[in-house]
Amino acid sequence: MTSVVRTGTTIAAIATPQGRGGVGIIRLSGPQARTIAETLAQHAIKQPRYAQFARWYAAPNQTEQQLFEKTCAPSEKTHSPTIDEGLMLYFDAPHSFTGEEVVELQGHGGIMVQQALLTRLYELGAIAAEAGEFSARAFENGKLDLVQAEAIADLIDASSQAAARSAVRSLQGDFSAYIQQVLEKLIHVRLYVEAAIDFSEEDIDFLADGHILTLLDDVRSAVETVQKTARQGQLLREGIQIVIAGRPNAGKSSLLNALAGVERAIVTNIAGTTRDVLHETLILKGLPITLTDTAGLRSTEDVVEREGIRRARLAIAQADLLLLVYDLNQTEHPLILAQEFFAEHMQPNRLLLVGNKADLTPVQAAAFPNTTHPGLTLPKTPEQAYTQVVISAKTGQGLTELIDTITERVGYQPTEQTFIARTRHLEALRQCQRCLNEAREQLTDYAAGELMAESLRQAQCYLSSITGEFTADDLLGEIFGSFCIGK
């Protein structure tokens with residue numbers, strides 16, 4: 001969006017998915033919404049929030065109109081050709097979604113009929129809405145804060161029931177209310193610090209009495225709590241990227257099929273069957289996951305397979321979590337394999353060892369080896385730091401444990417209080433916490449009231465940017481520009 005709101009204009013857009021359907025809705029918002037709708041219907045709107053049947057007419061044919069005026073009595077009435085018919089609802093300002101006059105035309109769903117209606121609305125003075133402009137107007141007119149506006153898009157895009165419920169909580173203001181509570185605590189601390197600065201010549205030293213430190217630590221704790229909850233919301237909204245890697249015929253494609261519940265990947269006993277990366281989106285315990293099956297990692301002269309391996313290594317570098325799948329019947333130590341395939345990505349919190357084909361393996365052989373192996377050099381990272389899960393992709397053995405381990409590894413523990421959150425929210429909270437930590441250091445180490453006051457002011461700005469109280473116009477344009485047309 002080039003601007004957040006085009007003041008004084010009336011916008012129009014289709015608010016339902018375009019295509020063939022029983023109902024298609026066109027939304028108008030702005031100072032001329034009612035006038036335009038009444039001209040389109042050629043009759044007055046009765047009252048706000050009252051659904052009334054209407055026909056919507058095209059522009060009159062000038063020749064036919066002139067002929068009618070010459071031959072008919074003045075009291076007689078004629079209509080132009082009908083474009084469509086349906087229900088018309090009017091919402092008066094400020095009692096509408098955008099806070100402006102809003103009219104909804106609920107007609108038949110179909111590309112041609114809705115485009116014809118839009119064309120007529122443009123002829124009558126409306127302009128085409130930009131992406132997210134309805135929500136932007138609601139934000140500008142105080143009907144929604146920025147978190148609630150973003151929650152609208154998140155609710156539409158929710159890929160799981162848990163994400164939808166969290167988006168509804170954000171839309172209803174739960175996240176905003178929590179931020180407001182923390183803001184009130186922070187403002188309270190600022191008042192004490194400013195008072196200490198103003199009365200610095202008096203005998204009372206407010207900075208040294210310990211009360212401000214107690215209040216500040218309370219704010220820091222509250223921000224830490226909201227960070228943890230927001231992280232859960234970010235996982236629900238954005239999900240995680242998991243890459244399955246390993247040698248050919250280790251069972252990578254079988255594992256993808258087992259987790260997805262469908263035969264998405266071709267499985268054979270021929271090495272090198274998977275030549276390209278294969279993506280599958282699924283929900284595990286409410287968590288959206290993009291699962292990527294990759295070509296088996298090995299040396300090969302096959303040009304196509306080598307390109308698949310190159311793409312596999314690119315996917316590995318971008319993954320949130322790596323599943324190294326190896327055959328329990330083979331003698332290679334899994335960490336030696338990991339070191340060979342992706343030594344630079346061998347962080348214990350990012351690498352999960354998955355021993356497959358447990359149905360063909362004696363129980364004792366499926367245990368994680370606890371010995372030193374030649375060529376295995378892992379300074380500061382002992383074997384015990386890595387987690388291994390033993391499974392059988394063929395029979396389903398161990399899959400529940402694997403799913404539990406994945407969600408635990410990424411820190412996914414949603415509750416009924418989880419609200420949807422975005423990366424920008426987490427960054428604002430991180431910066432706020434940084435400023436609060438600086439403020440604490442300035443208080444405890446230097447008793448520098450002025451510096452502490454400035455750090456607290458910056459912390460408040462970061463916190464307020466979440467709800468949009470202090471937010472630059474270019475950021476608003478970027479946020480609302482990501483919405484769909486009609487929202």
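**Strand β9 and its sheet**

From strand β9, L287, I289, L291 and D293 point one way while P288, T290 and T292 point the other way, and all are buried (under 20% relative accessible area, with exposed meaning over 50% and partly exposed in between; 1.4 Å probe, protein chains only). In a regular strand, side chains alternate between the two faces of the sheet. This is a predicted model, in which local features need pLDDT of at least 70, side-chain atom pairs count only at pLDDT 80 or more, and totals for chains, interfaces and linings use all residues. Residues are numbered from 1 along each chain as its sequence is written, and side-chain values use heavy atoms, leaving out hydrogens and water.

- Because seven of the seven residues of β9 (residues 287-293) are buried, the strand is largely enclosed by the rest of the structure.
- Helices (H or I, at least four residues) and strands (E, at least two) are DSSP runs, numbered from the N terminus.
- β9 pairs with strand β7 (residues 240-246) in the parallel sense over five bridges; two strands pair if DSSP finds at least two bridges between them.
- With strand β8 (residues 278-284), β9 pairs in the antiparallel sense over seven bridges, and L284 stands opposite L287.
- The hairpin of β8 and β9 has two residues between the strands, and K285 takes a positive phi near 55° there.

**The sheet as a whole**

- Six strands, in the order β8-β9-β7-β10-β11-β12, form an open sheet with mixed pairing.
- β8 and β12 (387-390) are the edge strands, each pairing on one side only.
- From one strand to the next the twist averages 25°; axes are lines fitted to C-alpha atoms, for helices over the stretch in contact, and angles run from 0 to 180 degrees between N-to-C directions.
- Helix α9 (residues 252-260) packs on the sheet and touches β7, β8, β9, β10 (321-327) and β11 (351-356), its direction making about 155° with that of β9; contact means heavy atoms within 4.5 Å.

**Confidence**

- The chain averages a pLDDT of 82, and 78% of the residues score at least 70; pLDDT is the predictor's confidence in each residue, from 0 to 100.
- Over residues 265-275 pLDDT stays under 50, and the model has 30 contacts for them beyond four places in sequence.
- Where pLDDT is low, the predicted coordinates should not be read in detail.
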